[in-house]
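Colleague: I'm new to this one and would like a close look at a single part of it. Could you walk me through the salt bridges and the charged side chains around them?

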Amino acid sequence: MTDLTIDAPRTALIVIDLQVRIVGMETGPSTGANVVRQAMRLAEGFRENGGLVVIVQTERPGVPEQPPGNELVSEMEPGPGDLLITKRSWNAFHETELHDKLGGQGISAVVMCGLMTNAGVESTARTASDYGYDLLFARDAMASFSAEMHDFAVEKIFPLLGTVCTTDDILPALRTKTG
């Protein structure tokens, strides 16, 4: 995908649910550890090029204590300038400040990655599309409960919402000048 260009200062990388207990689940077509590696590459590229990194973590609502392993994997701890969003549903926009924060920073496009492809990633992407964001999906930086579930979202749903590509497509496409 050679014609891809990303205006990094107007684009956010949204990283969904890379928490210890979720990364440790059986996933397909990639392991949670591989998703973390690819998400880290994307996050570093966004930070280097002036893009916003949004780290999303989920909490179970209405419980006195979160389950063990609910913390983010150490590699995905928010860095300086990153935005941390805590969601209590599948969708990172639902009853959070995500849309207002993105709008306040002039963000018009988002790159989606994380776990699970057809749960938190897809739900958040559908709402991002409703809000009018341009969407890119890093297919190799996400996984689901099975390869079949992941493939269905990546092949059937995501092309209706935006552009499906890889981490290696996205990283060289980042540019720092707005235009």
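Modeller: Let's start with Lys87 and Asp17, whose side chains meet in a salt bridge at 3.0 Å, N to O. By salt bridge I mean a side-chain nitrogen of Lys or Arg within 4 Å of a carboxyl oxygen of Asp or Glu. Lys87 sits in strand β4 (residues 83-87) and Asp17 in the loop between β2 (11-16) and α1, so this pair ties together parts that are 70 residues apart in sequence. The helices (H or I, at least four residues) and strands (E, at least two) are DSSP runs, numbered from the N terminus. Both partners are tucked away: Lys87 is buried at 2% relative accessibility, and Asp17 is buried too, at 6%. Here buried means under 20% relative accessible area, exposed means over 50%, and partly exposed is in between (1.4 Å probe, protein chains only).

Before going on, keep in mind that this is a predicted model, where local features need pLDDT of at least 70 and side-chain atom pairs count only at pLDDT 80 or more, while totals for chains, interfaces and linings use all residues. Residues are numbered from 1 along each chain as its sequence is written, and side-chain values use heavy atoms, with hydrogens and water left out.

Arg21 is buried yet has no salt bridge; Asp17 is its nearest side chain of opposite charge, 7.4 Å away. For charge, Lys and Arg count as positive and Asp and Glu as negative, with His and the chain ends not counted. So what does Arg21 touch, leaving aside its neighbours within four places in sequence? Its contacts are Thr58, Arg60, Pro67, Pro68, Gly69 and Asn70, contact being heavy atoms within 4.5 Å.

Back to the bridges: the whole structure has 5 of them. One of these joins the side chains of Asp82 and Arg47, at 2.5 Å from N to O. Asp82 is in the loop between β3 (52-58) and β4, and Arg47 is in helix α2 (residues 32-48), so the pair ties together parts 35 residues apart in sequence. Asp82 is buried at 16% relative accessibility, whereas Arg47 is partly exposed at 34%.

Another salt bridge brings together the side chains of Glu59 and Arg88, at 3.1 Å, N to O. Glu59 belongs to the loop between β3 and β4, and Arg88 to the loop between β4 and α3 (98-104), 29 residues apart. Glu59 is partly exposed at 23%, and Arg88 is partly exposed at 48%.
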